[in-house]
Amino acid sequence: MKPLKLLSLFILISGSVCAQNLMVKDLTCEHKINPTGIDIIQPRLSWKIAGSGNNILQTAYSVRVATDPKFSSSKIIWESGKVASDESSLQIYRGPALKSSQRYFWQVKVWDNNGRSTKWSETAFWEMGLLSPSEWKARWIELEDDTNRYSPSPHFRKEFTVSKPVARATAYVTAHGLYDLSVNGKRVGDQVMTPGWTTYGKRIQYQVYDVTDQIVKGENAVGAFLGDGWYRGTLAWGNNWAIYGKRLGLLMQLRIIHTDGTETLILTDESWKGHNDPAIRMNDIYNGYTYDATKRLTGWSQPDYDDSGWKKVRIGNYRDNLVASEGSPIRKIEEIKPVKVFRSPKGSLLVDMGQNMVGWIRLKASGPRGTVIKVRHAEVLDKFGEFYTENLRAAKVQLTLTLAGTGEEILEPRFTFMGFRYLEVTGFPGTLTTDNITGIVVHSDMQKSGTYESSNPLLNQLQHNIVWGQKGNFLDVPTDCPQRDERLGWTGDAQAFCRTAAFNYNVAPFFTKWLKDVALDQKPGGEVPDVIPDVLNKQDATTAQPSAGWGDVAVITPWTMYTVYGDKQLLENQYPSMKKWVEYIRKKAGDTYLWKGGSKYGDWLFYHPPVNSHTAADGYTEPDFIATAYFAYSTSLLAEAARVLGKTDDVKTYTDLYNKIKEVFIREYVTPAGRVGTCSQTSYILALKFGLLPDGLRDEAAAFLVNDIRSRRNHLSTGFLGTIYICHELTRAGYTDVAYDLLLQETYPSWLYPVKMGATTIWERWDGQKTDSTFQDAGMNSFNHYAYGAIGDWMYRVSAGLETRDPGYRHLLLRPHPTKKLEYSKATYEGPYGTIASGWERKDGKIIVNVKIPANSDATIILPVNDPAKIRQNGLPLPDVKDDIIIAEETNESINIGLVRGSGEYTFEFDEQN
Ligand code: BGC
């Protein structure tokens, strides 16, 4: 009997013995767990399968949906029946039209290739939002005198009586500005910075909360207060404020369904009362928060409050496009305690949080009434150990807190956030200790999805820094930085980092939402503004000057999300925007096929040698070269997207266009010897990555790139654009060894130099802090800028080898790249089908590769070993050396054997190659 047959026999046996072990888990709707308030009329459902034995494949599924969690037959609205299909991700709901505000419960069961089936899964649900604008009965309420900069926070309240028992109560809320809602004195929900940030002029999100438990029979009260946020607060440079409007407003409707089926609606309208709260004196994203506890209002969102001093509200007539929240809600995710409180050499009282974090602090203090405590925030200390805030530019990021003198007071700002590691505290009554301060880390609440670890602690710190760069800059919008007077949705940074981001967290909801704003803010001619939401051009501007590598976010990021999540609908939704962008460039380039003047930012922040100390050229890449290279790249991705979506005409149009650009590019920028552009690292990288070289010259170009890297003694000279792909292109050309030399380089310019300097996040610049501890130019020196963190993608996909063969991480490509420079490197990733693991370890002259393939998926595993007979799988020789091997390839670094495996966990062991 051949070993392969033996293997299938084993699966059959184990399958029948453990039939009860097949199960369905992790049910999601539109990439989310039990989403509340969605406005997608045919939501997509996904599940994962787990069970005993290997090679599990789904052969059929059945889904049922009901309006009642008990699935009583009268409440079942749709049953798919047994569908013969192996699909378990993003399956479209095909039942009757869904109703506004209704909660739908669903379950799934599956059958597998071993004849097993499951029971109905655990119940999951989704809840619809308000599907038609006409269902918004509430009116916008505002305060008459509320149009000044830094106005005190508007407060609104209303009392109402509930006379019948309540079955369910749901609040639908949004604001011009930010809101904080309470019912009967208790804050509603756990989201902060709501309603988040969209391109407000065109759409504004609302949130949906279940407040059933907060409503009582009898007297009730609802109250809300507002903050300036992105709507009215300081935003972008030049002391700009009120980009979207000068007056804050609240829109809320509370729908109470009684047990007898009747309904009560509590709406914001002229019956509400308002007040400018003297306690929250000032709140501003860039500049901080001023709070006077001596003026604190108490009990105002409870019934029986004396609001006789409050004013009538004003009704605003707006036609905002209200949309359900699609991204991940912003929440307080974790708390950290300071590592020390100390005095600087000049005597300032400082606190070290031990981590450059984003969010705010909670301060505990007791002192006499009227005591004013000031807290400033900074990312770094200067070379003398003093508090350094120059790199925050105009952002003041200061808390000014006045104590009420009522004993121990707990103070926490609202409607602002800071990027900081250090605090400077003045006016603190008594002795400040670490006990007085807690750091609250705030970001979009995305599900964690990946881990990466190696034997090198510096590399692990780099991974930590990448993750913290993501935490700090994924606050509803992907921002460049979280601390200075910027914090904008810079497109170039987002496209550079999005693939890495998708490894660390599930960013499908986050980017689905933001990409819609990209499309909405795109100008009629196709220009993609530099930042999204676009606050750098006038709100009604019809044109913008875009930049290559930045505007390309419109194509690169949807394509990346499709690659990671296999989400065709996202691609389809973004397709018009993708095409508009390419067409915009095509028009600019005209008959020349060269996009002259298309790059404002070049290879942003590439390496410059210090004057007179370096004989080699710096890392300069010509902007026009970059522009045409990206023109080609976006065109090629558009052609790919058209192929996926079955748009055959476009496949031809854009493939032809790409070929034409390539031809012209080669003529213009590639020498017959394979030298490219300015011969900078980035010139070679972009040409290699975007396929812009004659086939015969790829090796030569790669060799020139390697020469350059070696001549710089394994240092980078790349900026934002070249950095994304450098290690990938080295691997592709057979120079993984050089890629490892770059990755593990500890001196400037390199990824590990900031780590050696004590960084806890990714820096904006390779030398944000120089070896002598002085800083780069304060005008552009963030210590929390994720762009260079794009190397994380190579660590996962190449070093640990966790790659997908096709979009969506179903058919995997597990191809670890061992190196003698590390003892081990490993990654896990929670993909659409379950947990994937890939990694390797060197032990006693052997390489041990550990992989995990989730059910309903398979993997091609490529191992650096030249003879299949030398491989041991789970301690035994390979089951069948002939049928099993699908690829045997040779690179200049190793000879590889490829195997295909179904779901399961496998260990492969073989001798290390030299
Ligand atoms: C931002 C960047 C951005 C750049 C454009 C900067 O101010 O911080 O990250 O991509 O401008 O060049």
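Strand β44 (residues 872-873) is joined by 2 bridges to strand β48 (residues 904-911), and the two strands run antiparallel; strands (E, at least two residues) and helices (H or I, at least four) are DSSP runs, numbered from the N terminus. Two strands count as paired if DSSP finds at least two bridges between them. Gln873 has Phe908 of β48 as its bridge partner. The model is a predicted one, in which local features need pLDDT of at least 70 and side-chain atom pairs count only at pLDDT 80 or more, while totals for chains, interfaces and linings use all residues. Residues are numbered from 1 along each chain as its sequence is written, and side-chain values use heavy atoms, with hydrogens and water left out.

The β44-β48 pair belongs to an open sheet of 7 strands with antiparallel pairing, in the order β35-β40-β41-β42-β48-β44-β45. The edges are formed by β35 (450-454) and β45 (876-877), each of which has a single partner strand, so one side of each is left without a neighbour in the sheet. Helix α15 (residues 792-799) lies across β35, β40 (824-831) and β41 (834-843), and runs at about 80° to β35. Axes are lines fitted to C-alpha atoms, for helices over the stretch in contact, and angles run from 0 to 180 degrees between N-to-C directions.

Helix α7 (residues 568-589) packs against helix α9 (residues 648-669) at an angle of about 35°, with the axes 13 Å apart. The contact (heavy atoms within 4.5 Å) is made by Tyr575, Lys579, Val582, Glu583 and Arg586 of α7 and by Asp650, Thr653, Tyr654 and Leu657 of α9. By class, these residues comprise 4 nonpolar, 1 polar and 4 charged, where Ala, Val, Leu, Ile, Met, Phe, Trp, Tyr, Cys and Pro count as nonpolar, Asp, Glu, Lys and Arg as charged, and the others, Gly among them, as polar.

The structure contains 2 cavities of 30 Å³ or more. A cavity is a set of points on a 1 Å grid over the protein atoms alone where a 1.4 Å probe fits but cannot get out, and lining residues have an atom within 4 Å of a point. Grid points are joined across faces, edges and corners, and a volume is the space filled by probe spheres set on the points. The largest cavity has a volume of about 70 Å³, and its lining includes Leu462, Trp751, Arg765 and Tyr788. This lining has 8 nonpolar, 2 polar and 1 charged residues. The second largest cavity holds about 40 Å³ of space and is lined by Trp197, Trp230, Phe417, Gly472, Leu475, Val477, Thr479 and Arg487, which divide into 5 nonpolar, 2 polar and 1 charged.

Notes: On a 1 Å grid over the protein atoms alone, a cavity is a set of points where a 1.4 Å probe fits but cannot get out, and a pocket is an open set with protein on both sides within 12 Å along at least five of seven lines; lining residues have an atom within 4 Å of a point.
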